[in-house]
Amino acid sequence: MLLSKGYGFMEFKSSSDAAEAMKLIDGSVLDSDKRLTTVSSKTAGTASSSRGNNCKLIVRNVAFQASKQELAALFSAFDSLKRVRLPKQIGGEHRGFAFVEFNSSQEAQVAKESLKSLHLYGRHLVVEWAKEEDEQAELGAVEGLC
């Protein structure tokens, strides 16, 4: 028997579709529990539109044998590559993620979309928008996004 954690997520093509679904679902009862709906502020569909001038990507799941030069070669296909950083552990080995910065948010978006299915050394690279929290939590540094 599967136990419900009591929550679920839905994604819609438009905000009007989401609003209509919320009207239908909110307050309804399922298995004697009243359902409540809220809008999530971290949805995949709004990430690119709310990114504005963000020029920095975080690349996760980087194989440990991958080098900064190899990542730079992958992302340099997009003309405005500014910088690639591969944070290292105390022992000198990198930590399995990288930051890739572009001169423009448009180039960062093109790179993100173009490389979303890329595998390097048998590992699927996860390319996402970097946030200041990523920099602070994973590097201990405070730095702007552009």
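Modeller: Among the contacts in the chain with a separation of 6 or more, 64% join residues 24 or more positions apart, a contact being heavy atoms within 4.5 Å. The model is a predicted one, in which local features need pLDDT of at least 70 and side-chain atom pairs count only at pLDDT 80 or more, whereas totals for chains, interfaces and linings use all residues. Residues are numbered from 1 along each chain as its sequence is written, and side-chain values use heavy atoms, with hydrogens and water left out.

The chain holds five helices and eight strands, these being DSSP runs numbered from the N terminus (helices H or I, at least four residues; strands E, at least two). Their order along the sequence is α-β-β-α-β-α-β-β-α-β-β-β-α. Of the 146 residues, 28% count as buried, that is, under 20% relative accessible area with a 1.4 Å probe, protein chains only.

Strand β5 has two partners to consider. It pairs in the antiparallel sense with β3 (residues 56–60) over five bridges, and also in the antiparallel sense with β4 (residues 81–85) over four bridges; pairing requires at least two DSSP bridges between the strands. E101 of β5 has K56 opposite it, and R83 likewise stands opposite E101.

The largest nonpolar core has 19 residues, and L57, V59, V62, L71, F75 and F102 touch the most other members. Such a core is a set of buried Ala, Val, Leu, Ile, Met, Phe, Trp, Tyr and Cys residues joined through side-chain atoms within 4.5 Å. Two or more residues come from each of β3, α3, β5, α4 and β8, and β5 gives the largest share, three residues. F75, leaving aside neighbours within four places in sequence, is in contact with V100 and F102, among others including L57, V59 and A111.

Helix α4 (residues 105–114) has S105, A108, A111 and K112 as its buried residues. Seen down the helix axis, these fall within an arc of 120 degrees, so they line one face of α4; the arc is that of the directions from the axis to the C-beta atoms. The buried residues of α4 pack against β5, as well as β3, α3 (68–75) and β8 (126–129).

Conventions
Buried < 20%, exposed > 50% of the residue type's maximum accessible area, 1.4 Å probe, protein only.
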